[in-house]
Amino acid sequence: MNAQSLDGAQSQVPPPIAGEAPLIRIKDLKVYFDLGVRREIDQDRRGLGIGVSIIGSFVGRFIIVWLAVVLDVYPVNIWARILFSVIAFGIAFLISSAFALLILGQRIRRVVKAVDGVSLDIRRGETLGLVGESGCGKTTLGRAVLRLTEPTSGQIFFRGTDLAQLSNSVMREQRRHLQIIFQDPYASLNPRMTVSQIIGEPLETFHLARGLAKKKRVQELMEMVGLSARFLKRYPHEFSGGQRQRIGIARALAVDPAFIVADEPISALDVSIQAQIMNLLDRLRRQKNLTYLFISHDLRAIQHVSDRVAVMYLGKIVELADGKSISQNPLMPYTKALISAVPVPDPKIEAKRRRIVLEGDVPSPINTPRGCRFHTRCPYAVEVCSEIEPQLVQIKPNHFAACIRISPAEPDIDRVAPGAAPGLRDHPASARA
Ligand SMILES: Nc1ncnc2c1ncn2[C@@H]1O[C@H](COP(=O)(O)OP(=O)(O)O)[C@@H](O)[C@H]1O
Ligand code: SF4
Ligand SMILES: [Mg+2]
């Protein structure tokens, strides 16, 4: 089997199911947030900058105290002298730090690369789980697909139309088919509107129903999500968290969408309620032939609901496969670490399990590490990992991963010879970062 680059010229995205076009095709999507220009001292000269600030603080304090003595304003009382000295040191520190920044720093444009070149197919009728640590870009990706956040570049094909190219007014019409369910069901519902108004609002916006027809449709939607139609006139605060999420789901379903981004829909709920909401979403998907992008940082939830799982790290998809392969045979060290953090209910298996503990936090998406973005935390990293940026390639049938230390010939990183990076040979599109 040949490695197939997703970023090379041959194919940007995993192949769709034979004969069936994907509902959503994302191509090289980027979402960058420009935080403006700031003066900064780069990493190599940071030590020098700190040195200048500290030495400057002592020298400055000495000059201020000397001037105070010369001008005869130096306090007599010992405590007042200590206070004077501390204040003088603080002022000198601020001045010398500003001076160090001025002479050693340079103007740097700070750009958050929240989504940095994602290519992905979402197949009709599937639940594609998107998992990754907090801050890796899941929400931004989900919102960008719906153009609730404007992409910086890339394409988002929905039924063959590139949403990224549509004018705002045409996009508004398309929104009927593309809905979102939010994490916090309370914050996302207007507290001054009744349930009937909340669920009925999209019906009016898209001119789908009015008057009695609207009321009947709202009642139907409430029953569909397991809420009694008797609650029509109630306000969000009169409901529990799980019930509020059901209202959010009913509102998203009101316009008969084809695709729903469910952004951490269960994270704010009690564990006992989470399974109910996941089962509800799954039932509705089957009944109404919906397609979901299900976002969660919780791998257990993702494994439970997803047909395929995409693992995201610092703005990139690093592994993509069906749910079973991801949970039973993860290829990427990052995915292995996420899986190993999920407790197993059987105490015997749990006791024998090997844990991969990730050191430190996710690096800042402003200064993403060179080469493989995961190399700063990866227990399998070798020197070349900090130089070469791996591409997402097919390692096993329909199982894609972005790691230069594995290859279709040797997909198990634990069996790769120490220091070897066989993937380099099979990843022709791997580029110097
Ligand atoms: N509007 C914004 N302006 C600047 N940075 C943002 C904005 N929205 C998100 N980010 C940054 O983009 C990165 C990804 O955020 P997000 O998509 O919310 O991650 P996740 O959903 O995986 O937790 C984070 O570093 C976040 O701080
Ligand atoms: S390329 Fe290197 S750093 Fe990245 S996941 Fe593979 S082994 Fe780890
Ligand atoms: Mg999020």
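I take helices (H or I, at least four residues) and strands (E, at least two) as DSSP runs numbered from the N terminus. The model is predicted, so I read local features only at pLDDT of at least 70 and side-chain atom pairs only at pLDDT 80 or more, while totals for chains, interfaces and linings use all residues. Residues are numbered from 1 along each chain as its sequence is written, with chains lettered from A and ligands numbered from 1 in the order in which they are written.

Entry on helix α8. I find 18 residues in α8 (271-288), which spans 26 Å from first C-alpha to last. This is close to the 26 Å expected at 1.5 Å a residue, the expected span being 1.5 Å times one less than the number of residues. I list Q274, I277, M278, L281 and R285 as buried (20 or more other C-beta atoms within 10 Å of the residue's own; exposed means 12 or fewer, partly exposed in between; C-beta atoms are placed from the backbone). The buried residues of α8 fall within an arc of 100 degrees seen down its axis, so they line one face (the arc is that of directions from the helix axis to the C-beta atoms). On the face turned away I note the exposed S272, R286 and Q287. N289 follows α8 and has a positive phi, near 50 degrees.

Entry on the sheet. I count 8 strands in an open sheet of mixed pairing, ordered β6-β7-β8-β3-β9-β10-β13-β12 (two strands pair if DSSP finds at least two bridges between them). β6 (178-181) and β12 (393-396) are the edges, each with a single partner, so one side of each lacks a neighbour in the sheet. Strands β3 (127-131) and β9 (308-313) run parallel, joined by 4 bridges.
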